[in-house]
Amino acid sequence: DALKYVVGFLFYFITYTVIIFSNTALVGAALIRLRGGNPTISDGFKIAFDHIIQILGYAFISATVGIILRTISERVGFIGKIVVSLLSFAWSLATFLVIPILVIENIGPIDAIKRSTQLLKKTWGEQLIGNFSIGLIFGLITVIVILGAIPVFISLASLESTPIILLGVAGFVLTLIMLSFVSSTLSSIYEAALYIYATEGKTNGFFD
């Protein structure tokens with residue numbers, strides 16, 4: 001059991017490190033753009049590398065929370081799983097602005113989480129509406145893609161050509177992956193814009 005949790009923690013830590021590093025690069029570039037600049041890919045990665053210590057610290061905390069919630073979820077009943085889901089949702093809300101805080105305010109991950117929680121009091125409505133809207137839009141697009149793929153797959157199956165069928169499946173999977181990437185990218189950009197709104201009261205003309 002101990003080995004399982006160690007391996008699980010390392011998996012979470014590595015995964016969160018990659019995700020947080022990428023999001024930091026994207027949010028950093030988005031903040032430059034929202035302030036009127038023209039960021040490049042190298043600008044985003046430079047920002048991420050400049051904050052690598054904070055990123056590793058935040059990844060460690062996120063991995064710890066993740067493994068704790070997973071452990072609890074595995075050992076409790078149905079009601080307990082609902083509670084864990086609510087705790088996960090609350091954690092996501094409380095830490096929504098951590099990355100832009102790390103980038104702009106250059107503080108440690110624990111202080112960034114505290115600061116994000118404080119800003120939550122001002123922006124919880126915007127967080128819920130923004131995330132719900134993005135999730136709803138891309139959820140509908142995904143459903144449309146799946147429904148549209150059904151007749152396509154039926155047509156491909158009638159050709160009885162394995163290479164063509166495999167090509168169709170690959171195209172379908174790549175489309176879903178692309179939608180996921182675009183959705184997460186828009187969420188990160190919204191995160192950057194929301195931070196500016198929460199701390200400066202400005203929308204920069206990009207959203208109401």
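Trainee: What should I know about the numbering and the kind of model before we start?
Mentor: This is a predicted model, where local features need pLDDT of at least 70, side-chain atom pairs count only at pLDDT 80 or more, and totals for chains, interfaces and linings use all residues. Side-chain values use heavy atoms, with hydrogens and water left out, and residues are numbered from 1 along each chain as its sequence is written.

Trainee: How many helices and strands are there in the chain?
Mentor: Helices (H or I, at least four residues) and strands (E, at least two) are DSSP runs, numbered from the N terminus. Read from the N terminus on, the elements run α-α-α-α-α-α-α. The count for the chain is therefore seven helices and zero strands.

Trainee: What percentage of the residues in the chain is buried?
Mentor: Buried means under 20% relative accessible area, exposed means over 50%, and partly exposed lies in between (1.4 Å probe, protein chains only). The chain has 208 residues, and the buried share of them is 34%.

Trainee: Among contacts between residues at least 6 apart in sequence, what percentage joins residues at least 24 apart?
Mentor: A contact means heavy atoms within 4.5 Å. For contacts between residues at least 6 apart in sequence, the share that joins residues at least 24 apart is 71%.

Trainee: Which residues touch the most other members of the largest nonpolar core?
Mentor: A nonpolar core is a set of buried Ala, Val, Leu, Ile, Met, Phe, Trp, Tyr and Cys residues joined through side-chain atoms within 4.5 Å. The largest one has 33 residues, and those touching the most other members are L31, Y58 and L97.

Trainee: Which element gives the largest share of this core?
Mentor: Two or more residues each come from α1 (2–34), α2 (41–50), α3 (52–75), α5, α6 and α7 (162–200). The largest share, eight residues, comes from α7.

Trainee: Which residues does L97 touch?
Mentor: Remember that L97 is one of the core residues that touch the most other members. Leaving out residues up to four places away in sequence, L97 touches S116, L119, T123, E191, L194, Y195 and A198.

Trainee: Which residues of α5 are buried?
Mentor: Helix α5 covers residues 98–105 and is mostly covered, with six of its eight residues buried. Just after α5, N106 takes a positive phi of about 50 degrees. The buried residues of the helix are V98, I99, P100, I101, L102 and V103.

Trainee: Is H51 buried or exposed?
Mentor: H51 sits in the loop between α2 and α3. Leaving aside neighbours within four places in sequence, H51 is in contact with L102, V103 and N106. Because its relative accessibility is 9%, H51 counts as buried.

Trainee: How many residues apart are D50 and K46, which form a salt bridge?
Mentor: A salt bridge is a side-chain nitrogen of Lys or Arg within 4 Å of a carboxyl oxygen of Asp or Glu. In this pair the closest N and O atoms are 3.0 Å apart. D50 is partly exposed at 49% relative accessible area, and K46 is exposed at 53%. Both lie in helix α2, separated by about one helical turn, so their spacing is four residues.

Trainee: Which helices hold R115 and E105, the residues of another salt bridge?
Mentor: The closest N and O atoms of R115 and E105 are 3.0 Å apart. The pair links distant parts of the chain, ten residues apart, with R115 in helix α6 and E105 in helix α5.

Trainee: Which residues make the nonpolar surface patch of about 620 Å²?
Mentor: Patches are made of residues with over 30% relative accessible area and no salt bridge; like charges are joined within 9 Å, nonpolar side chains (Val, Leu, Ile, Met, Phe, Trp, Tyr) within 5 Å. Accessible areas come from the Shrake-Rupley method with a 1.4 Å probe, and for residues only the protein chains shown count as cover. One member, L86, lies in helix α4 (residues 78–94) and counts as exposed at 54% relative accessibility. The patch is made by F78, I79, I82, V83, L86 and L87.

Trainee: What distance separates the C-alpha atoms of I146 and F172?
Mentor: I146 is found in helix α6 (residues 109–159) and is partly exposed, with a relative accessible area of 39%. I146 and F172 are 26 residues apart along the chain, and their C-alpha atoms are separated by 8.3 Å.
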